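Subject: Structure handover

Hello,

Here is the structure for you to open alongside this note. My findings follow below it.

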Amino acid sequence: MPESQKQGLAVSRLKNDTFLRALLRQPTDYTPVWLMRQAGRYLPEYCETRKRAGSFLQLCKSPALACEVTLQPLARYELDAAILFSDILTVPDAMGLGLYFAEGEGPRFERPLKDEWEIRNLTAPDPHAELQYVMDAVAEIRRALDGSVPLIGFSGSPWTLACYMVEGGSSDDYRKVKTLAYSRPELMHHILEVTAQAVVKYLNAQIEAGAQAVMVFDSWGGVLSEAAYREFSLRYLEQVVAGLIRERDGQRVPSIVFTKGGGLWLESIAAIGCDAVGLDWTMDIGRARRLVGDQVALQGNLDPNVLFAPPEAVARETCRVLDAFGNHPGHVFNLGHGISQFTPPENVSVLVDTVHQYSRSLRTAR
């Protein structure tokens with residue numbers, strides 16, 4: 001089937017398919033919007049559910065509760081997509097590294113990769129065994145959405161997951177993982193090869209369970225030099241995208257790739273075969289659109305800290321992003337990174353309403 005026909009496949013099962021059409025660079029009546037980390041601690045109802053769950057991990061591992069918090073922002077705001085509530089570190093946890101969350105420290109691993117034998121023994125987990133709770137959550141969320149908006153599945157990128165797996169948690173300088181990459185590149189590539197296989201299996205299982213688009217979060221790709229980014233991150237992002245299911249039930253399943261700090265490599269990211277590239281807030285989205293043309297859609301890219309400003313400033317800066325992209329197909333509005341837990345919920349209403357109203361006016365202005 002020609003590519004143009006594939007992009008025109010109907011998505012009539014959805015009441016609101018604007019997000020999917022924008023990812024495929026098809027004309028839309030307005031710019032769709034969703035927010036990275038849109039189900040989270042800025043919402044009081046999320047905090048209540050998390051308290052009921054007992055811990056963050058228990059919340060992730062309960063399909064019913066994961067479904068509940070996935071739907072919470074959609075009950076408040078007219079968002080154009082839901083995103084699975086989970087964590088990128090479920091994959092290395094399923095590899096046996098022992099994920100836990102220390103109070104005030106964020107995610108940690110009990111058994112980070114240190115010795116060569118541990119690295120050599122690393123294998124990709126079966127998503128229908130160790131990660132079945134995620135697939136159950138995807139299926140339950142799809143049922144609960146009842147065709148209202150699309151569901152996004154996601155994973156961390158091979159490089160980002162490897163950073164956590166080697167560092168044992170978050171890092172300020174990435175000293176351990178970079179030392180391994182530069183001193184023993186063959187071991188680093190083994191971790192990345194296995195992790196890329198795991199990510200492909202994981203995302204495809206989510207698609208089979210009901211995810212209608214998928215996103216790869218390369219949160220730490222921007223800490224690399226250009227040569228290292230191409231060798232240790234971009235190469236494996238391309239491998240992941242190439243392995244994804246592209247069509248399910250007669251409909252395209254678009255993919256989004258987001259490298260935080262990746263604006264320098266925008267054109268290279270756009271060339272790996274993904275449908276959309278996510279931008280952080282440091283790059284002008286209009287310039288980005290001129291660089292990639294109609295090769296990919298773009299997602300982004302309001303600075304999340306704008307949401308701490310007064311409502312009129314939130315509206316002004318939101319319009320600034322929309323104006324910068326212009327009246328062209330292929331834009332999904334989002335923040336340039338995840339929403340902060342300290343964000344006033346009422347400012348999110350201003351953001352979402354402004355995106356919808358102002359972008360509609362852009363479509364009619366000629």
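**Cysteines**

C319 counts as buried, at 18% relative accessibility. Buried means under 20% relative accessible area, exposed means over 50%, and partly exposed lies in between (1.4 Å probe, protein chains only).

A word on the model. It is predicted, so local features need pLDDT of at least 70, side-chain atom pairs count only at pLDDT 80 or more, and totals for chains, interfaces and linings use all residues. Residues are numbered from 1 along each chain as its sequence is written, and side-chain values use heavy atoms, with hydrogens and water left out.

C67 is buried, with a relative accessible area of 6%.

**The sheet**

Seven strands form an open sheet. The order is β1-β4-β5-β8-β9-β10-β11, and the pairing is parallel. Strands (E, at least two residues) and helices (H or I, at least four) are DSSP runs, numbered from the N terminus. Two strands pair if DSSP finds at least two bridges between them. In general, strands of a sheet pair through backbone hydrogen bonds, either parallel or antiparallel.

The edges are β1 (82-83) and β11 (331-332). Each of these pairs on one side only. Strands β10 and β11 run parallel and are joined by two bridges. Q299 stands opposite V332 in β11.

**Helices**

Helix α11 (residues 185-209) lies across β4 (151-156) and β5 (213-218). The angle of α11 to β4 is about 170°. Axes are lines fitted to C-alpha atoms, for helices over the stretch in contact, and angles run from 0 to 180 degrees between N-to-C directions.

Next, a helix pair. The axes of α3 (residues 44-53) and α5 (residues 63-76) come within 9 Å and cross at roughly 170°. That makes α3 roughly antiparallel to α5. The cut-offs: under 35 degrees is roughly parallel, over 145 roughly antiparallel, 65 to 115 roughly perpendicular, and the rest oblique.

Which residues meet there? From α3 come P44, E45, Y46, T49, R52 and A53. From α5 come L65, E68, V69, Q72 and R76. The contact residues divide into five nonpolar, two polar and four charged. Ala, Val, Leu, Ile, Met, Phe, Trp, Tyr, Cys and Pro count as nonpolar; Asp, Glu, Lys and Arg as charged; the others, Gly among them, as polar.

V355 is found in helix α16 (residues 345-364). V355 is buried, with a relative accessible area of 0%. Leaving aside residues up to four places away in sequence, V355 touches T31, V33, T318, L322 and F333. Contact means heavy atoms within 4.5 Å. V355 and L322 are 33 residues apart in sequence and 7.6 Å apart in space, C-alpha to C-alpha.

**Backbone points to check on screen**

- The peptide bond from G300 to N301 is cis, with omega near -5°. N301 lies in the loop between β10 (297-299) and α15 (311-325).
- Y174 is a residue other than glycine with a positive phi, near 55°. Y174 sits in the loop between α9 (158-167) and α10 (175-183), and is buried at 8% relative accessible area.
- D249 also has a positive phi, near 55°, and is not glycine. D249 is in the loop between β6 (247-248) and β7 (251-252), and counts as exposed at 52% relative accessibility.

Best wishes
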